[in-house]
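Subject: Structure handover

Hello,

Here is the structure I promised to pass on. Please open it first, then read the notes below.

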There are 2 protein chains.
Amino acid sequence: MAQITGANACTDLLAITSNADLYVISVPDAALATVVSELKMTNAFVVHTSGTMPMEVLRKFEHFGVFYPLQTMTKEYELDFSEVPLLIEADSASYEERLAYLAKTLKSKFYHVNSEKRCQAHIAAVFACNFTNHMYHIASDILKQAELPFDLLLPLIRETARKIETDKPSNIQTGPAARNDVNVMQTHIDMLEDPVYKEIYQLVSKSISTQALKK
Amino acid sequence: MAQITGANACTDLLAITSNADLYVISVPDAALATVVSELKMTNAFVVHTSGTMPMEVLRKFEHFGVFYPLQTMTKEYELDFSEVPLLIEADSASYEERLAYLAKTLKSKFYHVNSEKRCQAHIAAVFACNFTNHMYHIASDILKQAELPFDLLLPLIRETARKIETDKPSNIQTGPAARNDVNVMQTHIDMLEDPVYKEIYQLVSKSISTQALKK
């Protein structure tokens with residue numbers, strides 16, 4: 001992002017210049033209040049990148065907003081911003097336009113949302129990404145115990161992610177819980193050794209079955 | 001599969017010919033015992049396609065085995081068998097070779113496994129596919145409530161499925177539970193209206209945090 005926009009990335013608060021068009025604070029939520037309180041230049045346009053924190057934590061600055069990238073990032077992978085939807089919000093329409101302009105420069109899709117909707121989008125992202133990845137983790141753990149390679153699941157993982165591109169998740173749900181096949185589910189629960197995995201299996205299956213009955 | 005192998009698909013037990021090289025019974029687990037008991041030709045090689053049922057439910061036939069496709073299938077999508085890993089098992093090495101030959105004809109990757117390992121692979125598939133799809137469903141539900149489009153999540157879903165091709169799920173876990181960010185998690189739990197979604201959020205987050213601490 002710094003490369004495309006000619007920005008300076010900076011991890012030392014004392015090294016911050018005082019004449020930037022926009023300041024982006026990208027720190028863990030728990031550190032945000034401290035960083036805000038230590039920043040001296042209040043005559044500035046400052047945004048944070050949190051999914052959860054309200055925009056108003058930045059109200060000490062003359063203009064403020066949020067620039068939240070809804071994507072999973074890991075140090076090892078370089079990010080292509082055209083694959084990062086941005087949720088933007090600012091204290092005024094004209095400053096929101098500045099964020100929209102930045103999003104366009106980065107070739108990102110962007111959405112204007114208020115703080116509450118952004119938080120809902122973040123919760124949805126936790127389910128769709130973090131929890132999904134944990135389902136992969138549990139699957140890999142079970143296969144490891146059975147001395148089977150994780151690669152076995154890659155076509156299935158690909159296909160599950162592909163199907164969602166064109167249809168609603170409720171339409172393409174398969175498996176024992178969707179069929180309410182209680183015998184298969186009980187066999188699986190009995191075979192699972194880890195008590196937390198057992199609990200997750202039961203709870204998520206119950207939720208799938210309830211959903212299937214509503215259709 | 002019938003097209004590639006010159007087989008006949010058949011849904012009427014009375015219409016089954018008596019001279020096939022291989023009979024494939026592909027019915028829900030709960031119907032398998034009934035179908036087996038009604039089949040007259042015992043001098044035959046018969047397999048089922050279940051992930052969970054033991055091979056021995058077919059022991060009344062002279063030769064028997066399992067031909068389990070580890071892939072998610074929905075009526076609307078045509079299946080490319082080269083994207084379907086097959087778990088095979090038979091009552092003897094020479095009949096297992098016949099199933100391996102069939103898998104090769106279909107250009108599928110195949111794995112020799114016993115009934116217990118097959119069942120473990122099926123449980124892993126339930127987590128990696130059915131539960132993952134349910135996480136997408138919950139995410140879509142939350143976005144719908146917030147009047148945001150599901151499309152917003154597609155880059156995130158793609159990226160999560162892509163990362164798993166080259167790294168272990170535990171290495172690429174992100175999100176509030178992986179950071180043990182209790183404030184964000186509590187905010188999310190408070191905002192979730194559905195009590196089952198609340199419970200899933202708490203349980204899966206606990207499991208992710210426990211896993212992160214082990215690293």
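Let me start with the cysteines. The sulfur of A:Cys119 lies 16 Å from the closest cysteine sulfur, in A:Cys129, which is too far for a bond. A disulfide here is a pair of cysteine sulfur atoms within 2.5 Å. Over all chains, the structure holds zero disulfides. B:Cys129 is in none either; its nearest cysteine sulfur, that of B:Cys119, is 16 Å away. A:Cys119 counts as buried, at 2% relative accessibility. B:Cys129 is buried too, with a relative accessible area of 4%. Buried means under 20% relative accessible area, exposed over 50%, and partly exposed in between (1.4 Å probe, protein chains only).

A word on the source. This is a predicted model: local features need pLDDT of at least 70, side-chain atom pairs count only at pLDDT 80 or more, and totals for chains, interfaces and linings use all residues. Residues are numbered from 1 along each chain as its sequence is written, chains are lettered from A and ligands numbered from 1 in the order in which they are written, and side-chain values use heavy atoms, without hydrogens and water.

Next, the sheet in chain B. Five strands form an open sheet with mixed pairing, in the order β1-β2-β3-β4-β5. Its edge strands are β1 (23–25) and β5 (110–112), each pairing on one side only. From one strand to the next, the twist averages 25°. β1(B) and β2(B) (residues 45–48) pair in the parallel sense over three bridges. Within that pair, B:Val24 has B:Val47 as its bridge partner. Pairing needs at least two bridges found by DSSP. Helices (H or I, at least four residues) and strands (E, at least two) are DSSP runs, numbered from the N terminus.

Now helix α5 of chain A, residues 154–163. Eight of its ten residues are buried. Among them are A:Leu154, A:Ile157 and A:Ala161. The buried residues pack against α4 (115–145) of chain A, together with α4 (115–145) and α5 (154–163) of chain B. Contact means heavy atoms within 4.5 Å.

Two loop residues of chain B are worth a look. B:Glu147 is not a glycine, yet has a positive phi of about 55°. It sits in the loop between α4 and α5 and is exposed, at 65% relative accessible area. B:Asn180 also has a positive phi, near 50°. This residue is in the loop between α5 and α6 (182–191) and is partly exposed, at 44%.

Best wishes

Technical notes: Axes are lines fitted to C-alpha atoms, for helices over the stretch in contact, and angles run from 0 to 180 degrees between N-to-C directions.
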